[in-house]
Amino acid sequence: MAQLALAPSLVSICDKSIIKPSSLTPSTLKYHKLSLVDQSLSNMYIPASFFYPKKQSSTDDAINSHELSHITHLRQKSLSQTLISYYPYAGRLIHNATVDCNDMGTLVFPKGLPWSNNVYEDGNLLVAQVSQFDCGGIAISTCLSHKIGDGCSVHCFLADWASATRNLSISSAPRFVGDSVFISPQNNNIGPLIAPIIESNVNECIQKTFVIAESGLQNPTRAEIVSALLFKCATKAASKLTSHCSMRPSKLVHYLNVRTMTKPHLPRNAIGNLLSVFSVEATNEEETELSRLVRNLRKEVEVAYKKDQVEQNELIVEIVESMRKGKLPFETGDDECDMYFCSSVCKFPYYSVDFGWGKPERGGVPNGPFKKMFFLFDYQTGQGVEASVVLQNQQMNAFECDEQLL
């Protein structure tokens with residue numbers, strides 16, 4: 001447990017410990033083999049933070065302190081129980097291709113940047129933190145290795161951990177798919193990846209959060225309309241930084257959850273990086289007109305649903321082609337194209353993560369993992385979208401002044 005102290009000291013660490021699964025992982029599940037997509041990702045972590053208000057109580061500070069210690073104890077006990085089902089997170093990575101599910105445990109209290117490209121300390125694939133603030137509020141923070149799973153995987157873990165903390169059983173055991181869904185690297189004649197090729201990079205970047213109300217357009221999803229708006233404003237901001245104030249060719253790459261697109265469909269609790277991508281391009285201002293962008297995004301989604309997302313997965317195609325050409329995935333020349341990325345978890349109820357003391361007042365992710373990145377969440381009230389935007393400093397200054405965002 002980390003407790004926030006009074007200024008000038010910012011943080012005092014009260015406890016730091018390793019939490020192991022409460023029962024051993026069966027020998028039949030000893031090794032978890034990673035897919036090509038898993039292997040391509042650097043050793044970054046997916047972070048999530050939830051802020052809960054002070055519990056209303058008439059008792060004195062000593063009792064409140066005891067309550068926090070009790071909360072921490074329950075949370076550690078429930079984490080130990082949850083790791084039985086989420087056993088790869090308690091293991092250690094071997095040579096970028098396999099997780100040794102050796103029950104070494106999860107570190108409680110992380111440090112450093114959550115989107116870091118390096119495995120934390122002794123190889124912990126999951127780290128967590130409890131923080132108490134001077135106001136009496138509590139924050140729950142987690143960082144889960146992107147090697148093991150994507151945003152949907154993280155939500156499944158958080159929901160089950162919260163359920164276990166409330167003394168409820170996990171609704172259904174998670175299914176770790178590993179390399180059983182996507183084509184194995186050997187079939188592509190490139191072998192297991194010796195090192196990751198997709199790394200976090202947020203040098204000279206800043207992240208800000210914007211709340212965007214429901215639009216008046218008919219039929220588009222929230223992700224479509226909001227990502228189109230952010231893309232339009234970002235390209236406009238970038239053009240203001242060029243000497244001729246002209247728009248550079250730009251592309252918006254959307255990450256796509258393919259669980260409902262495989263045959264047969266995979267359940268939501270399928271754990272792994274079950275992702276693909278689709279994209280739209282714009283070479284001039286006319287092509288960034290909002291309704292046009294939304295139509296093009298909708299067309300690309302329809303195309304994606306018609307594809308076999310195992311045999312024709314665009315993310316895997318990009319990874320394999322980039323390796324053959326000796327470049328990084330989505331890498332372009334300085335004058336070729338600006339790349340923007342969008343990841344949406346709007347359908348996942350992150351604001352419903354209840355560890356036993358109610359729903360969080362706020363949630364969010366830290367800066368990262370890429371430049372020119374948009375993260376989309378359901379807004380707390382359920383009306384509109386909360387967007388975390390990562391841009392370089394100068395572009396952000398121009399971006400947040402756009403009247404369409406005000």
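**Stop 1: the β6–β7 loop**

Select His95, which lies in the loop between β6 and β7. This is a predicted model, so treat each stop as a reading of predicted coordinates. The phi of His95 is near 50°, a positive value in a residue that is not glycine. With 72% relative accessibility, His95 counts as exposed.

Now pick Asn96, in the loop between β6 and β7. Asn96 is not a glycine, yet its phi is positive at about 70°. Is Asn96 buried or exposed? At 6% relative accessibility, Asn96 counts as buried.

**Stop 2**

β6 pairs with β7 (residues 98-100) in the antiparallel sense, over 3 bridges. To see one of the pairs, show Arg92 and its bridge partner in β7, Asp100.

The open sheet has 3 strands in the order β4-β7-β6, and the pairing is antiparallel. β4 (31-33) and β6 (92-94) are at the edges with a single partner strand each, so one side of each lacks a neighbour in the sheet. Ignoring direction, neighbouring strands in this sheet are turned by 30° against each other on average.

**Stop 3: the six-stranded sheet**

Select β12, β19, β18, β16, β13 and β15, in that order. These 6 strands form an open sheet with mixed pairing. Which strands stand at the edges? They are β12 (205-212) and β15 (275-282); each has a single partner strand, so one side of each is left without a neighbour in the sheet. From one strand to the next, the twist averages 20°.

**Stop 4: strand β18**

Show Cys342, whose bridge partner in β18 is Phe374. Then show Ser343, which stands opposite Phe375 in β18.

Turn to β19 (residues 385-392), which pairs with β18 in the antiparallel sense over 6 bridges. Here Asp378 has Val385 of β19 as its bridge partner.

Now display the side chains of β18. In a regular strand, side chains alternate between the two faces of the sheet. Met373, Phe375 and Phe377 point one way, while Phe374, Leu376 and Asp378 point the other way. How many residues of β18 are buried? The count is 6 of the 6, so β18 is largely enclosed by the rest of the structure.

**Stop 5: the nonpolar core**

Keep Phe374 and Leu376 on screen. Both are among the residues that touch the most other members of the largest nonpolar core, which has 111 residues.

Centre on Phe399. Beyond its neighbours within four places in sequence, Phe399 is in contact with Phe210, Leu230, Cys233, Ala234, Ala237, Val389, Leu391 and Leu405.

**Stop 6: Thr288**

Go to Thr288, in the loop between β15 and α5 (290-306). At 4% relative accessibility, Thr288 counts as buried. What does Thr288 touch, not counting residues up to four places away in sequence? Its contacts are Lys232, Thr235, Met247, Ala282 and Leu293.

**Stop 7: helix α6**

Select α6 (residues 314-324) and colour its buried residues: Leu315, Ile316, Ile319, Val320 and Ser322. Look down the axis of α6: the buried residues fall within an arc of 165°, so they line one face of the helix. Bring in α1 (36-40) and β15, which are included in what covers those buried residues.

**Stop 8: a cis peptide bond**

Zoom to Lys263 and Pro264. The peptide bond from Lys263 to Pro264 is cis, with omega near -5°. Pro264 sits in the loop between β13 (250-257) and β14 (270-271).

**Last stop: confidence**

Colour the model by pLDDT. The protein averages 84, and 84% of the residues score at least 70. Then select residues 1-9, where the pLDDT is below 50. Beyond near neighbours in sequence, this stretch has 27 contacts in the model. Where pLDDT is low, predicted coordinates should not be read in detail.

Key
Residues are numbered from 1 along each chain as its sequence is written. This is a predicted model: local features need pLDDT of at least 70, side-chain atom pairs count only at pLDDT 80 or more; totals for chains, interfaces and linings use all residues. Side-chain values use heavy atoms; hydrogens and water are left out. Two strands pair if DSSP finds at least two bridges between them. Helices (H or I, at least four residues) and strands (E, at least two) are DSSP runs, numbered from the N terminus. Axes are lines fitted to C-alpha atoms, for helices over the stretch in contact, and angles run from 0 to 180 degrees between N-to-C directions. pLDDT is the predictor's confidence in each residue, from 0 to 100. Contact means heavy atoms within 4.5 Å. A nonpolar core is a set of buried Ala, Val, Leu, Ile, Met, Phe, Trp, Tyr and Cys residues joined through side-chain atoms within 4.5 Å. Buried means under 20% relative accessible area, exposed over 50%, partly exposed in between (1.4 Å probe, protein chains only). The arc is that of the directions from the helix axis to the C-beta atoms.
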